[in-house]
Amino acid sequence: MSRPTNRIWLSPPHMGGGEAAYVKEAFETNWVAPMGPHVDRFEEELAAFVGVKHVAALSSGTAAIHLALIILGVERGDEVLASSFTFSATVNPIVYQGATPVLVDSEPGTWNMCPDLLEEAIRGRLGKGKKPRAIIPVHLYGMPARMDRIMEIAGEHGIPVIEDAAEALGSSYRGRMLGSLGDMAVLSFNGNKIITTSGGGALLSGSGKHIREARFLATQARDEAPHYQHSHIGFNYRMSNVLAGIGRGQMEVIGERIRQRRANNAFYREFLQGVQGIAFQDEPDGDFFSNYWLTAITVDPALGVNPEVIREALERERIDCRPLWKPMHLQPVFTGCPAYVNGVSENLFNRGLCLPSGSGLTPREKAFIRDTLSRVIMNK
Ligand SMILES: *Cc1c(COP(=O)(O)O)cnc(C)c1O
């Protein structure tokens, strides 16, 4: 099999075709501003798709997490519980607020926040006289966290939950879309996500009050007055109307994108499932539906090939392949943070790989990936 001309990326943008017309419309109507009709429609389309009442389109997922924390009143000296096994953007906004992240490790079934450890962490913090101000569970690579138990534990203690669904648009848990389960939720439309606006994010909530506040804070917190009057510190976090146009085009193909990502996952399972020493991030049972944003595997010593050897061999063929997220409790910048750890995410990090998962992978690219991976695994 000859090598495809272009590099095979992990998760590149995949335009549906309708985006350019929306962008053109923004130009033609001169709605080239951080607000406008595309932003309004994009918010409505997201709300309808996820099944949540209120949405604010923002400049990034990171901005959405930051605003969620501010709306919940997180301040200097507070503590916020978060999944340790995630991308740093989940945790950074806690520090923007001068608060302390308290990191919670994963459970082996979903790779997401372990509810037992969450309980232990809450008890531990309460024992130190600190009530956590919020919980941020992450749906890693699109896999739903065990939301029933997480919401139950959060409810018992009266702690609000912010779902980090940045990677999980289109995933569902017990028939309900992720992003509609927590008190608030965050989506990302960064270039590598399942749909993109090149850069962007959204804050979702059943509470109209929360989302009105998010819009207010995201547009420099202007009081209602003809002159510029401010009683709060604001941010410039709104989504551009031009970029929302891209988002509207992407929403036309979201269903197809989910099918394509899941088809990639099925493709990898078809030729790797039986291989001794390779395991997948699996949906534990019928309650869990992952968009399989990225297909993630673990490689055991039983395979006889080290994951880094696989990654380097794919890299030589210009196939993008990445280690799993390095847990936050192992990151130099968060070493001082309290962490409730069971070894699960560290073990996954040491053994795991994300395989190319773009929704636009061609049959030829897939065949090339399959042949290359098979050669590396068989030639050990
Ligand atoms: C991408 C991502 C974010 C941040 O989103 P941006 O839009 O890139 O700021 C947050 N959390 C997770 C888990 C992500 O993957």
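Contact is taken here to mean heavy atoms within 4.5 Å. The model is predicted, so to speak, by rule: local features need pLDDT of at least 70, side-chain atom pairs count only at pLDDT 80 or more, and totals for chains, interfaces and linings use all residues. An automatic or database domain assignment divides the protein into domain 1 (19-251) and domain 2 (254-377). Their C-alpha centres lie 25 Å apart. Across the interface, 48 residues of domain 1 are in contact with 38 residues of domain 2. The area buried between the two domains (the accessible area, with a 1.4 Å probe, that two parts lose on being put together, summed over both) is about 3800 Å², and carbon and sulfur atoms give 64% of it. On the domain 1 side, W111, Y141 and I194 lose the most area to domain 2, together 22% of what that side buries.

Charge pairing can be followed next. Side chains of opposite charge can pair when their charged atoms come close. A salt bridge is counted where a side-chain nitrogen of Lys or Arg lies within 4 Å of a carboxyl oxygen of Asp or Glu. The structure holds 22 salt bridges, and the count between domain 1 and domain 2 is 1. A salt bridge joins the side chains of D287 and R174, at 3.0 Å from N to O. Another pairs E44 with R41, whose closest N and O atoms are 3.1 Å apart. Both E44 and R41 belong to helix α2 (residues 37-50), where they sit 3 residues apart, about one turn of the helix. Helices (H or I, at least four residues) and strands (E, at least two) are DSSP runs, numbered from the N terminus.

The pockets complete the picture. A pocket is an open set of points on a 1 Å grid over the protein atoms alone, where a 1.4 Å probe fits, with protein on both sides within 12 Å along at least five of seven lines; lining residues have an atom within 4 Å of a point. Grid points are joined across faces, edges and corners, and a volume is the space filled by probe spheres set on the points.

The largest pocket has a volume of about 240 Å³. Its lining comprises 21 residues, of which F87, A89, A166, S188 and K193 are the closest to the centre. Both α3 (61-71) and β8 (184-188) supply at least two lining residues, and α3 gives the most, with 3. The second largest pocket holds about 190 Å³ of space. Among its 13 lining residues, L10, N192, L294, R322 and W325 are the closest to the centre.

Methods: Residues are numbered from 1 along each chain as its sequence is written. Side-chain values use heavy atoms; hydrogens and water are left out.
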